[in-house]
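I set down here what I looked up in this model, entry by entry. The structure comes first, and my notes follow.

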Amino acid sequence: MGNKISNIIIYLLLAVCGLFMIIPFIWMISTSLMTQSEFNKNDAIFIPKEQYHVWEKDGIERKVILVQEKGASSVIHVLDENDLISPDFPEYQSVPSSEIRLVTKKPSFHIENFARAFKKVPFATYFANTLYVSFLTLIGVFFTSIFAAYAFARMEFKGKDFLFYLFLSMMMVPEPIYLISSYMLLDKLGWLDTYNALIIPWCVNIFTIFLFRQHFKSLPQELFDAASIDGCSTFGMLWRIILPLSKPIIATASIFSLIGSWNSFMWPLVMTDRPELRVLQVGLSYFNQEASTQTTLLMAASTFSILPILILFFFAQKQIIASYAKAGLKD
Amino acid sequence: MKTKKKITPYMYILPALFLLVLFRLIPILMSFGISFFDFKVTGLGEFIGLVNYRTMFGDAEFWQSMLNTFWLVLFVVPASIVLPLIFAVLLNQITWLKGFFRTIYFMPFVTSLVAVSIVWKIIFSEQAGLANTFLQWVGIEPQLWLAEPKGIFTLLFGAMGITLPAWMGGPSLALFSIIIMTIWKGLGYNTIIYLAGLQNISKVYYEAAEIDGAGKTRQFFGITLPLVSPTTFYVLLMTTIVSFQAFAQVYLMTDKGGPLGTTKLIVYYIYETGFDDLNMGYASAVALVLFVIVLGLTIFQRRMEKHVNY
């Protein structure tokens, strides 16, 4: 009996905390489907419900804000298609109350918010840029990491310890510390405002090197001895023996690298300026400044930028969580 | 053949080493150098020795952003240790829906900081934000959140009719809003790390404790807490280092570290002095202070780790 009660309490606690964790996402999605006036009124918090006044005149219905109703006449602002006060009509216009009508739609999902956000900002370009940068970085990371990890894990050479500690010590240095000097360096290289600036400096990932090294070290020595007797070259061993046995670790490293590139913000914000080069996160941050009052469009844009990672996460959540747990505990 | 063998390992390391030296080691060393220079709008000015560092010590904005950062770390780090440990212990007790809860807790961690900063900015908006709606439900008057420069202790005690002296005000409510969001973002990761840590504790200890008649609370403080301490150390260090680097939240949720500079964190200050004021020498000097702090914490952790590992 006592066990049952404590179980209920555990589930209750977990559910309350779970709500705290997930509500921002639910609210983001539901807000992204509302009209702006509906959001501002704040009476349908999670289920988009639309309620607005229309002004019917000469057979044309126009969406309006009802400022005041004084008996037979009403004071209104006429809205344009973006739910902003239309410049084509005078503000605080007085019209007969009989021409004003309240409309309620529930639930109403305004998927067109996404289209409107897309119309304002070239998110497709940002999306393509992000994919391009993420994938090229991934290829670069694999190229440098697999070779370096192989040498660290399976070869003996002079200065190995020194090089190993050099790599290790660089891993602990936070990005903001070399941000300014990197900016000056990329300026000298003529790389500012190019894809090079976004990709090449991130083609070395020390964490991935350690991840691979750990795995390569764990492979049994007999495999290598046998291959060596068969006359397999150093590179042949890597290509034919190690890599086929490394699929899970390659998947893990890909996930870390892709999530990292997808979400990286400060570096592309500083290193690029041209709108054509903007990655999704930077584009989103500019949209945040430009459209700060258009909450629903901002939410639509945020939803759109989170979606690819969330989909990836839901399909591979077990592996992703296990990877993070393992990587965190490794040292 | 012999010489070829000798250089092979270096050839394998070369691509990684080349990029590491060019894009990590050299910029880090450059940071030191740059911090001794004056900057004009046109670029690098003249060598001015320690002037940047001297300016920094007299710079009220620098000290304010330091103080803000310390407040953030002071709130975020304990919460990011205690809450995930509780979550992990609770999750460890159940089997049904375990994966579901784990997924939900972890979701904020994988999503982009930019997008969730925008979402939380709107949650904390005065007009129709979710935070004020919630306060309304529980019968508390709406707050200004990200626009509130008053300290949280001032507000709390003010609500009880006690006026606190200014220096006891604590972090502004605006900064506290950022603190809440930062905790939310990182909880899932630490929970997962703790879950993995808990799985490494042998069941034998708990069985023995059960036989000795130790209750759940006793077991938690007597077995779980000490045996999970290596994980706690890892979580402590990582969370502290990451918290010191908070930037995107400030950039996206506030108006340039406002209101009244109460949300200006150290990395934002580096960004602002470096890229808005184009005083890169001064920004590098501030960045080096951050470097020294992070380095000190890392060394401290490595030293302490030897004493707590069981």
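In which sense do S3(A) and strand S4 (residues 93–96) of chain A pair, and over how many bridges? I found that S3(A) and S4(A) pair in the antiparallel sense over four bridges. Here two strands pair if DSSP finds at least two bridges between them. Helices (H or I, at least four residues) and strands (E, at least two) are DSSP runs, numbered from the N terminus.

**Basis.** I worked on a predicted model, in which local features need pLDDT of at least 70 and side-chain atom pairs count only at pLDDT 80 or more, while totals for chains, interfaces and linings use all residues. Residues are numbered from 1 along each chain as its sequence is written, and chains are lettered from A and ligands numbered from 1 in the order in which they are written.

**Strands of chain A.** I then followed S3(A) to its other partner: strand S2 (residues 60–70) of chain A and strand S3 (residues 73–78) of chain A are antiparallel and share six bridges. I noted A:Ser73 in S3(A) as the bridge partner of A:Lys70; A:Ser73 also stands opposite A:Pro96 in S4(A). The hairpin of S2(A) and S3(A) has two residues between the strands, and A:Gly71 takes a positive phi near 60° there.

**Overall form of chain A.** I counted 15 helices and five strands in chain A. The radius of gyration of chain A is 28 Å, whereas a compact globule of 331 residues would have one near 20 Å. This radius is taken over C-alpha atoms, and the globule rule is 2.2 Å times the number of residues to the power 0.38. Along the principal axes, the C-alpha atoms of chain A fill a box of roughly 100 × 70 × 35 Å.

**Burial.** I called a residue buried if 20 or more other C-beta atoms lie within 10 Å of its own, exposed if 12 or fewer, and partly exposed in between, with C-beta atoms placed from the backbone. Buried residues make up 34% of chain A. In helix H8 (residues 206–218) of chain A, the buried residues include A:Ile206, A:Phe210 and A:Arg213.

**Domains of chain A.** From an automatic or database domain assignment, I took domain 1 (2–36), domain 2 (50–105) and domain 3 (116–329). The centres of domain 1 and domain 3 of chain A, taken over C-alpha atoms, are 32 Å apart. Seven residues of domain 1 are in contact with seven residues of domain 3 in chain A; contact requires C-beta atoms, placed from the backbone, within 7 Å.

**Contact of chains A and B.** I found 69 residues from chain A and 73 residues from chain B in the contact. Helix H1 (residues 2–32) of chain A gives the most to the chain A side, with eleven residues.

B:Gly258 and B:Pro259 are joined by a cis peptide bond, with omega about 0°. B:Leu260 has a positive phi of about 55° although it is not a glycine. I recorded both features because most residues other than glycine have a negative phi, and most peptide bonds are trans. B:Leu260 is partly exposed, with 13 other C-beta atoms within 10 Å. B:Leu278, in the loop between H13 and helix H14 (280–308) of chain B, has a positive phi near 55°.

Note on methods. Contact = placed C-beta atoms within 7 Å.
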